[in-house]
Amino acid sequence: MLIDVDCHNYWSTADVLIPYLDKHHRDYFTRGELPGPRGAFPHGHRAWLHPEGFKRADINPISEEDNYTIMKEKHLDKYNIDYAVLTGDEAIEASTLANPHYASALVRAYNDYQIEEWLPRDERFVGSICIAPQDPHLAAAEIRRLGHHPRMVQVLASHGSTRPYGDPFYHPIFEACAEVGLPFAIHLGGQGGINSNPIAAGPTTYFWETHAILPQAAMTHMASMIAQGVFEKFPSLYFVIIECGVAWVPSVLWRLDANYKALRKETPWLKRLPSEYFRDHIRFTTQPLERPDNLQHLWSVLEAMDGKNTLLFASDYPHWDYDDVNNLHIPPEWRENIMGGNAMQVYTRLQDLEAQKQTAKGELHV
């Protein structure tokens, strides 16, 4: 089983959302914005320009159909991907907008567009319910609206946010996730607008240095989700952190455990060590996996975070730092778990889809 949990499905123009917007927000979008390749979401806020472009140099689709055709050829078919979790691209940028009603309308339109235009193209596609978390109640309503769709497998937000995700402000989102049985995932990005700066000491200057230290926000979210007792309140919830690196995880867990032991009176609702909540509830994606000169150094770190059971394969297709399926530098004996086994446990809806596939194959055979 080969499952890619971070596969970006691009649109060729933001105008694809127009048919899915209600009349009021359609007018807001077409008259208040300048629709174009990046017309729906506020990319102009980014302080850092990528010196090479965000996509791989060999991928340059010019139409909506090209986006799928090229993905099929260069990724899905080439590596025999069994399932690809679609993570959109600009949809999570809605989290930067000050108007939560407009932001919620945009992600709702994207979700409907994804279901109608992308999922039918390939049975390997499964989707993410994108939300605008700045209004948790509107986000929860969107989760409940689509949460029982058989091919929507997670709830997705940006890792740029107005406050750490463990904050009780966001708990209506997790309540809805638990109700429909879906994991909550955050993806690198969505800084700017109303969101806090992703760099703790203040804005950096260059893209390469910024990209290297973006895990800072993920550290905050992981600590917050544990400290605020999210997993005591929602014991079935999985929290997936996408594209934030992994080598930093053991050191933060060691510090969390040590400080919790000494200062646990602050959070009496916690019943276990932070590292224990991590192992049962938090998962990380492999992309971008750190590349030390001595590979054994990385493997020792991955072992310290139980990487065999806590890592999920992600390619980040079609971005510049895309990870080739065959060149993933993980211990060979872990591959079955990381390349698909762990994802089947987190994205339980895939188990239902796979059972349906096997039943259909059996019926055809008979």
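What percentage of the 366 residues of the protein chain count as buried? In this predicted model, in which local features need pLDDT of at least 70 and side-chain atom pairs count only at pLDDT 80 or more, while totals for chains, interfaces and linings use all residues, the share that counts as buried is 56%, where buried means under 20% relative accessible area, exposed means over 50%, and partly exposed lies in between (1.4 Å probe, protein chains only). Residues are numbered from 1 along each chain as its sequence is written, and side-chain values use heavy atoms, with hydrogens and water left out.

The protein chain contains 14 helices and eight strands, these being DSSP runs numbered from the N terminus (helices H or I, at least four residues; strands E, at least two). Its radius of gyration is 20 Å, close to the 21 Å that the globule rule gives for 366 residues, so the chain is as compact as a globular protein of that length; the radius is taken over C-alpha atoms, and the rule is 2.2 Å times the number of residues to the power 0.38. Along the principal axes, the C-alpha atoms fill a box of roughly 55 × 55 × 40 Å. Among contacts (heavy atoms within 4.5 Å) between residues at least 6 apart in sequence, 80% join residues at least 24 apart. The chain exposes about 16000 Å², of which carbon and sulfur atoms supply 53%, the areas coming from the Shrake-Rupley method with a 1.4 Å probe.

The mean positions of the 32 positive and 47 negative charges are 4 Å apart, with Lys and Arg counted as positive, Asp and Glu as negative, and His and the chain ends not counted. The structure holds 10 salt bridges, each defined as a side-chain nitrogen of Lys or Arg within 4 Å of a carboxyl oxygen of Asp or Glu. One of them joins the side chains of Lys74 and Asp58 (3.6 Å, N to O); Lys74 lies in helix H2 (residues 64-76) and Asp58 in the loop between helix H1 (23-32) and H2, so the pair ties together parts that are 16 residues apart in sequence. Lys74 is partly exposed, with a relative accessible area of 23%, and Asp58 is partly exposed at 41%.

A further salt bridge is formed by the side chains of Arg144 and Glu179 (3.0 Å, N to O). Since Arg144 belongs to helix H4 (residues 136-146) and Glu179 to helix H5 (residues 171-180), this pair ties together parts that are 35 residues apart in sequence. Arg144 is partly exposed at 34% relative accessibility, as is Glu179 at 48%. Helix H5 itself is mostly covered, with seven of its 10 residues buried, namely His171, Pro172, Ile173, Phe174, Ala176, Cys177 and Val180. Just after H5, Gly181 takes a positive phi of about 75 degrees.

The side chains of Arg272 and Asp280 also meet in a salt bridge (2.6 Å, N to O), where Arg272 is partly exposed at 28% relative accessibility and Asp280 is partly exposed at 37%.

The loop between strand S7 (282-285) and helix H11 (295-304) holds Arg291, which counts as exposed at 59% relative accessibility. Leaving out residues up to four places away in sequence, Arg291 touches Asp323, Asn327 and His329. Pro288 lies in the loop between S7 and H11 as well, and a cis peptide bond, with omega about 0 degrees, joins Gln287 to Pro288.

Most residues other than glycine have a negative phi, and most peptide bonds are trans. Against this background, the peptide bond from Tyr317 to Pro318 is cis, with omega near 0 degrees, and Pro318 is found in the loop between strand S8 (311-312) and helix H13 (335-346). Asp316, placed in the loop between S8 and H13, has a positive phi near 65 degrees and is buried, with a relative accessible area of 0%. Asn80, in the loop between H2 and strand S2 (83-86), has a positive phi of about 55 degrees although it is not a glycine, and counts as exposed at 58% relative accessibility.

Key: The place of a charge is taken as NZ of Lys, CZ of Arg, CG of Asp or CD of Glu.
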